[in-house]
Amino acid sequence: MNNENKLAHITHDAPLDAKDIRKVALITGANTGIGAVTASSLAQVGYEVYLACKSLNRTQPIIDAINLRAGSKKAFFLELDLGDFESVKKCAQQFLLTGKPLHLLINNAGIAGKKGKTQSGFEMAFGVNHLGHFLLTQLLLSCLKLNAPSKIITVASRAHKRSPKHVDWQNALKKSSSWTGIQEYAISKLANIQFSSELSRQLQGTDVSCYSLHPGVVDTQVWRELPSFLRPFLKLRGMLTPEQGAMTTLHCALKAQNKESGLYFSNSQIEMPSALAQDLKLQRELWKLSLEWTKSYR
Ligand SMILES: NC(=O)c1ccc[n+]([C@@H]2O[C@H](COP(=O)([O-])OP(=O)(O)OC[C@H]3O[C@@H](n4cnc5c(N)ncnc54)[C@H](OP(=O)(O)O)[C@@H]3O)[C@@H](O)[C@H]2O)c1
């Protein structure tokens, strides 16, 4: 089956009916890569899609392509810089002001290898990949609860397995220290999985489900900040296309069940994340600190 057919298979088999036409999804980092394919595919099965991205200029071509294909206005832009809590809050407020329901929040945006600190003063990868999404999710949670059944999907990575055995979340207050930034990326992806797992426990008994996932090793721009000599090694492993890379996100969005909430997926199947990712004490610690670090913005 080619990529187009595989996508068609997953989206056409989705249990959508007439009432789903009013369904709404918000996808972060949807101007390129996996997020762009996710947004287009969801629009194709009837979702209204909000593309929460850093730049309107870089997002407009995807919005235009989605609307052209749909023959109506299905895609909308929201400005979002996950490294800046002020921007995250504005993005959530802008969405809530539309008065639209929210059924799918897809925490997709991510950076790898970019070093330093975010605008809000946290280690770059942790601040963008985890804390920005943590805050966004908190700010949209009541809307997701109100419109349940709804889902929160967080695009993590198998790279979480590269986290050191002892993780100290307080390092999030310092700028990135490893040379390649890969260690910080791994820790931020560990945080993605732990966040999704802890959130699902807190939402038990509601119809809001949470999933985290590894999309595969995908030929996108995510690797642009890695030292250039490392990039050919990634290509050697054989990379998926963005269409293939969006499959597991779409599986979680359209097919995963409420009883699977809290689980981690890869290849559109449940997979066990590392033992560290399942460490409940570390999950609670992350949750407590994330609440504390974002408290002035909630
Ligand atoms: N590609 C892979 O092999 C792979 C493997 C495992 C996991 N993942 C994960 O998959 C997700 C999607 O990545 P991708 O591969 O599709 O990479 P990509 O093509 O680089 O897309 C990443 C998206 O994140 C956005 N972004 C970066 N910093 C942001 C910020 N501060 N605020 C808001 N948005 C921001 C980017 O926006 P700009 O374009 O404007 O910078 C872009 O839209 C990421 O979470 C990544 O960690 C990817």
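I began with the shell around the ligand and sorted it by class: 14 nonpolar, twelve polar and five charged residues. For this I counted Ala, Val, Leu, Ile, Met, Phe, Trp, Tyr, Cys and Pro as nonpolar, Asp, Glu, Lys and Arg as charged, and the others, Gly among them, as polar.

The model is predicted: local features need pLDDT of at least 70, side-chain atom pairs count only at pLDDT 80 or more, and totals for chains, interfaces and linings use all residues. Residues are numbered from 1 along each chain as its sequence is written, and side-chain values use heavy atoms, with hydrogens and water left out.

Next I looked up the neighbours. I found 31 residues around the ligand, a residue being near if one of its heavy atoms lies within 4 Å. The closest are Asn-31, Arg-58, Tyr-185, Val-218 and Thr-220.

Then I checked polar contacts (pairs of N or O atoms within 3.5 Å). An N or O atom in the Asn-31 side chain is 2.5 Å from a ligand oxygen. A polar backbone atom of Val-218 is 2.6 Å from an oxygen of the ligand. For Gln-221, a backbone N or O atom lies 3.4 Å from a ligand oxygen.

How much of the ligand does the protein bury? Taken alone, the ligand exposes 900 Å², and the protein buries 98% of that. I used Shrake-Rupley areas with a 1.4 Å probe.

Last, I turned to Phe-229. I found Phe-229 in the loop between β6 (208–214) and α7 (231–236). Phe-229 counts as partly exposed because its relative accessibility is 45%, between the buried limit (under 20%) and the exposed limit (over 50%). Phe-229 and Gly-205 are 24 residues apart in sequence and 49 Å apart in space, C-alpha to C-alpha.

How values were computed. A polar contact is a pair of N or O atoms within 3.5 Å; within protein, one must be able to donate a hydrogen and the other to accept it, and residues adjacent in sequence count only if both atoms are side-chain atoms. Helices (H or I, at least four residues) and strands (E, at least two) are DSSP runs, numbered from the N terminus. Buried means under 20% relative accessible area, exposed over 50%, partly exposed in between (1.4 Å probe, protein chains only).
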